[in-house]
Structure formats: structure tokens, C-alpha cells
Amino acid sequence: MKALVTALAALVRPRRNRAPGTQVVLGRVPAEPSPYVRRDRLLAKIDEAFDEGGFCVLLGACGAGKTQLAAAYARAAAEASTVVWVAAPADIVLSYAELARRAGVAGCVVDAETAARAALAWLDAADRPVVVVDGATDPDVLNQWLPARARVLITTSVPDFEVLGGTVAVSGFDEAEAAEFLAARSGREDGALGLARELGCLPLALAQASGVVKRRGTGFASYVESLPHASVSLPEREPGCVEDTVLEALRLVVARDGRARGVAEFLALLAPGVRRDRVHRLGPDPVAVDAVLGALAEASLIGFDVGGETVTMHDLTRRAVLGRLHAEDRLAAALDRACAVLDDSDPGLARHVSALWPHFRALLPAEAAPRLARIMRLRRRSVRALTAAGAFAQARALGREVVADHDAYLPPRHPGTERAVRALRRACLASERATEAVTLSERVLERRVRVLGPDAEATLDASEALGIACEGAGLLDRALKVHETNLDHAARVLGPDHRITLRSRASFGRTLRSADLAGVAVPVFEENLREHVRVHGASHPATLAAREDLARTCARAGRAAEAITLHAPDSPWLAVAYQEAGRPGDAIRLLRRLGSERSEDLETVRIRLFLARALLADGQSAEAMSLFERTVRDRTRLLGPDHTATLNARRNLGLAQGPAGRETLTAVAADYRRVLGPAHPYTRQAAKDLAELPEPGRRRRVRR
């Protein structure tokens, strides 16, 4: 199999790059089929379109060869330029995020959209890169992710894309090209033109038909007679002829190896682009599966990317295979095979499970019932996988859909529904959608009280999670009430040594600190430290964290000397305590050392912010302002413009600017209101800052 793939194309692998102008090849660029008919006239038209502008649209019917034409252009461009191939437009954000990582511009970015925008900027600085979006369907969705200075090649059957730029109509081979292709692939010439006309000169149909003719050793006329829908009415045969050629080619392959049907159906059920190692899991062993893949590729039923690591199937081939699968009532068994292969290690899990879901819904109730738990489990895992990948918007959208489907398909108290709610809540918390997370946390808590009772560990765990969500949403009064009640309840039911009791006390103290009640929080954290020392010992990591919590709170409460003795010597918060104690020089020395010892990440950015504050307090205004501005840039780049930490950095910059910061504070106050709502404490504080601009040199407390 590897020899076959190597013969199709030279191996191209994505490479790590560090600067614009160096080559990156990313995505499932299709390998050159064999035989391949060059379409030089159309390739020249693509070049002409790019000479006039940055966009070229390959417009034509399914099966006309748009993808192979775009692939030929991309393979040639990859010799000298960066090439990004997006095979699933819905995944363009994740594709760009991966490009940012490969190009070395993602850094420690977590949010996939933020990383994707870094990739767009990188593309705009690169030397005439090529971005191919294959199978685009919605111009509005795609428009926001089109680079400004790259060559963008779009394949589509939707005429609306013509507004983007030069359009090249792709209508399949002309008759001479079609006859040449058939003759080259089958080794026969007599009757080639007749078969080409019968199949509408569609490259996909021609490739599949010629493979059957070659394998059978019969003529073209005999092949035409074997087609179930044979007709001379060409307009009605497009793309119906492809269904005939697909099924005829598949029958021939299955006759030689019965496993081929299952492999083809597996590939048809999943989303486009399946990793070869996933197909290997169908068994019995990789060598046998590769033999089947080789036979399917020879029959033009599947293809590979240029690296041979991804198996592709044309949409028309997929539709034909799926149509027969549904018609022959073998769908349930095929779904079982697909579900058994998928797991969390597949980066395409969410795409593939979303492709399976409509087929599951087509099952009869008797077939669906025993398979419901497995497909729902895969859908929950898909939400978690998207969250882990930083695709927060996709995770939230899918999570809401999955929760609704759990409500519709499962009994009211089914544990799977709670797991779906928790998966959505995780996505919301990761993307700072705390208000929605509060509603979801309430739902989890309500179910656990009803099913497990109010005294269960899991119930108390859910109560603490609700308090944390409330704090994130700025509902501090409610968060305090939840945490205080939960602490009393946990201590009474579980005892003072239980992890939930210890954790609830820390959560209560942190919320007091967030509510500017540091003086009240200090005794809570003092008790928290004593209990941790008693339960875990003085050197346990949880005890050290409790000591840091107490130290930070002491500094906030005006007890800086105590904070200094409590902090670990390498804690950046020790610098804050130094500053509160009037020792900015010690703070500056510590922060410079800590910053020099770390690689660039979010903690480094926070250290830089602390350093800016210390420098400002020490009268070193020029360097301080430079660092405040850099913090805004860094957090915008790493977290996005609407992240709370980014807004806080902008607020700090405005405060540091003094009376000259009115414009900065006005803009950030509006953004707090838009992102967090008018009642959030940060929004109210920003409004107060704006109303009472500080005098030059006056310090304001910084939101971290």
C-alpha cells in the first residue's frame, strides 16, 4: 500500500516554521490519481484569476473534477509556497489554529479562534501563500476567515461565491480528454468516446468505469449495458451516472475481497478525511486493511492525501454507498463498526460523530434503542474534545444540541443527561460564559439533590461548583451564600477533614476576597491553613497553596508584613506584598528575575503586569507604560479582545495613564458592559474609575 501511495505523489509532511516566508504545507492535500489527465487550460485560468486578484472560485457540478484541479494547483504551489488545504469549511477555525501552531505563532494561546486569527495575520505576512477551501457552501460563514493577501482558491457548486473574485467554470473533461483518460486507464480505445458521452464526461464516473473495464477485460459497450440506469439522456444522467459507476466498481472489488464493502461503508458514514490508522482498527490487521484500501483506490472509490495518512472519499461516492447501505437495511451493523472504532484520541472525533448522528436517527426504534447509550456517549465526548482543542464556540453550540437531544431521547433522571450538561458547562466556563454556566450548574445540583439526596458527596460537590460559577458571573452575594451554606453542610455531614470541606472553605474565602472583604477573608484563610497543616502536613502541595491564599489575602487586607513572611520566595505575589509594604525596589528585582526564568506564557504576562505596577510606583514611568501597553497586546493576542483578563489589562493601562486615560477607560467601560453586563462588579468598577479619574501618581488596585 505504501508503494502505491508513494507512486501517486511525493511525500509531503507539515513542517514547523518560525517566520513568514518559510514553507508550510497543512491539511489533506489530495494525492495525484493514476492515471491523471492534466487540465492545463483550466490551470492557466486559475493563474489568470490570481493575476487579477486574490480569489479564484472553481464552480461546477459534483464530480466535475474541481477538487482534483485545486489539488493539482496546490501540489505545484507547495514547491515554493505555503499551502493550507481546508477540506471541511466548518472546521476552518481548527485548521487555522493548527497552522498557527505549525508556524510557531500560537504561543500559549488556548482559544482556537484567537489562534486562528494569529494564523490569518501570519498568512498575510507570508510570501503569496495558497489557501484552498474545498467544498464551500456558505459565503457568509467563510468570509470572516479569508486572508487578505493570500491566494484563496475555493471549490464549490454554489454560484453565490462568484462575488468573491474570478470564477473558473469546471464542467468535466471535454470529449477528447475523456476518451484519452478512458484509454489510458483501461488500456482500450474502441468505444471510449461512446462511454465518455454516456457518463457525461464526468472525471469521477470515468475513473470508476474505466477501472471496472480494465479489471473485467470486457469492452466499453458491455460495461454500458451492465449499468442499471443506462440511458442516452445525458441531462438526466448527471450525477445519477456516478451512483451507477460507484456501485458497479464496488461490486467488482467486493467480489475479490468481501471486506471491501465494510471498509467502504465505514468511510462513507464518517466525515470526509479519515485517518488511515483508524481504518486499520476495522481489522483483522493493518496489512489486510491496506490491501482493501489499495483495491478501493485502484477502483477510484477512495483516494489518499499526499502523505498517505488520510483516506478520502468523494461526496458522490459517499452518497451512492450510503444509499445502498440504507436500502439494504444494513445500517445498524455499519454504525456499530464505526462507533467501535472512534475514541477520544481521534482529533476528528467531533466531525465523525456529527456525521454518524443523522444515520442513527434513521434507525428503526427497535434498532436504535440498544445503540442509544453508545452514540450519546460519543456525542458528549465530542463536546469535551472541542473544548480541549480550544474550539469553544463550536463546543458550546454542539453542547447545547447534545443536551437537548439527551432531554429528548433519554429518561428524565438518566445520568447521561447530567454528563451532557457538565460537558456543556465545562465549555462555557472555559470560554467565560459564566452566566450560562450558572444555569447549567443549577440543573446539575437540582438533579443530584433529587436523585442522590442533599447530603451526598456528589451533591455537595455540585453546590460548590454552583458557587464558583456564580462568582465567575459576578453574582458575588449569591456565591457567598452558596459557599457559606455548603461549607457548614459539608463540615456537618462529611466532617472537617473531608476534601470537600477543605475545598469549600477555600472557595468561601476567595469569594470574600473577590468581594473586597479581605479583612473578613483573613480569618477564613487562617483556619483553612491550620486545617490543611493538621490534615495533610506542612509540606503538602495543598497546604502550600493554602499558605499562598492566606498571604495574598493578608496583602489585600493591609497586612503586608505578614504576607511577606507567608509567601514562597519565588511567588510573583510576593512582589505584590513588597509593593504594598512600600518596597517597590524589592518587587522589581524579584519580578525581573522571575520573568527571565520563564518561557512566554500567561503567567509571564501577569509577571510583566506586576512589574509595570512596581515600576510605576518607583517612578520609572516610561518603562512602566511600555509594559502596560505590552500586556494589553499580549493578552489580546493570547486570549482575545473580549477576555476578562484582556479587559482588565486595558483598564490598568487607562488607570496608569492618569487623566490622559479617559479615552482608554471610556472604551473599556463600554466593553465591560457589553461582555459582562451592567451589573458585574468589573463593569461597575470601570464606571467608577471613569467617573473619578485618579490624580497623577495615585495608585489604583489592579485586576489580575
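**Entry 1: ground rules**

I am working with a predicted model, in which local features need pLDDT of at least 70 and side-chain atom pairs count only at pLDDT 80 or more, while totals for chains, interfaces and linings use all residues. Residues are numbered from 1 along each chain as its sequence is written, and side-chain values use heavy atoms, with hydrogens and water left out.

**Entry 2: helix 3**

I looked up helix 3 at residues 66–77. Helices here are DSSP runs of H or I with at least four residues, strands are runs of E with at least two, and both are numbered from the N terminus. Helix 3 has twelve residues and spans 17 Å from its first C-alpha to its last, close to the expected 16 Å. The expected span is 1.5 Å times one less than the number of residues.

Next I checked how covered helix 3 is, and nine of its twelve residues are buried. Buried means under 20% relative accessible area, exposed means over 50%, and partly exposed is in between, with a 1.4 Å probe and protein chains only. Among the buried ones I noted Leu69, Tyr73 and Arg75.

Contact means heavy atoms within 4.5 Å.

I traced an open sheet of six strands in the order 1-3-4-5-2-6, with parallel pairing. Two strands pair if DSSP finds at least two bridges between them. Strand 1 (25–26) and strand 6 (166–169) each have a single partner strand, so one side of each has no neighbour in the sheet.

I then walked across the sheet. Strand 1 pairs with strand 3 over two bridges, and Val25 has Val83 as its bridge partner. Strand 3 is joined to strand 4 by four bridges, with Trp85 partnered by Val132. From strand 4 to strand 5 I found five bridges, and Val130 is partnered there by Arg151. Strand 2 (residues 55–59) is joined to strand 6 by four bridges, where Cys56 stands opposite Gly166.

**Entry 3: two faces of a strand**

Which residues of strand 3 are buried on each side? Val83 and Trp85 are buried on one side, and Val84 and Val86 on the other. In strand 4, five of five residues are buried. I listed Val130, Val132 and Asp134 on one of its sides, with Val131 and Val133 on the other.

**Entry 4: Ser95**

I stopped at Ser95, in helix 4 (residues 92–103). Is Ser95 buried or exposed? Ser95 counts as buried because its relative accessibility is 18%. Not counting residues up to four places away in sequence, Ser95 touches Leu26 and Val86. Ser95 and Leu26 are 69 residues apart along the chain, yet their C-alpha atoms are separated by 8.2 Å.

Two bridges join strand 8 to strand 9 (residues 310–312), and Gly303 has Thr312 as its partner.

**Entry 5: nonpolar cores**

The largest nonpolar core has 104 residues, and Leu267 and Leu296 have the most contacts inside it. Such a core is a set of buried Ala, Val, Leu, Ile, Met, Phe, Trp, Tyr and Cys residues joined through side-chain atoms within 4.5 Å. Helix 11 (residues 240–256) gives the largest share of this core, eight residues. Apart from it lies another core of 65 residues, including Leu142 and Ala423.

Back at Leu267, I set aside its neighbours within four places in sequence and noted contacts including Val274, Ile302 and Val311.

**Entry 6: cavities**

How many cavities of 30 Å³ or more are there? I noted two. On a 1 Å grid over the protein atoms alone, a cavity is a set of points where a 1.4 Å probe fits but cannot get out, and lining residues have an atom within 4 Å of a point. Grid points are joined across faces, edges and corners, and a volume is the space filled by probe spheres set on the points.

The second largest cavity holds about 40 Å³ of space. Its lining includes Leu247, Glu265 and Arg324. Helix 11, helix 12 (259–269) and helix 15 (315–327) each supply at least two residues of that lining.

Notes. On a 1 Å grid over the protein atoms alone, a cavity is a set of points where a 1.4 Å probe fits but cannot get out, and a pocket is an open set with protein on both sides within 12 Å along at least five of seven lines; lining residues have an atom within 4 Å of a point.
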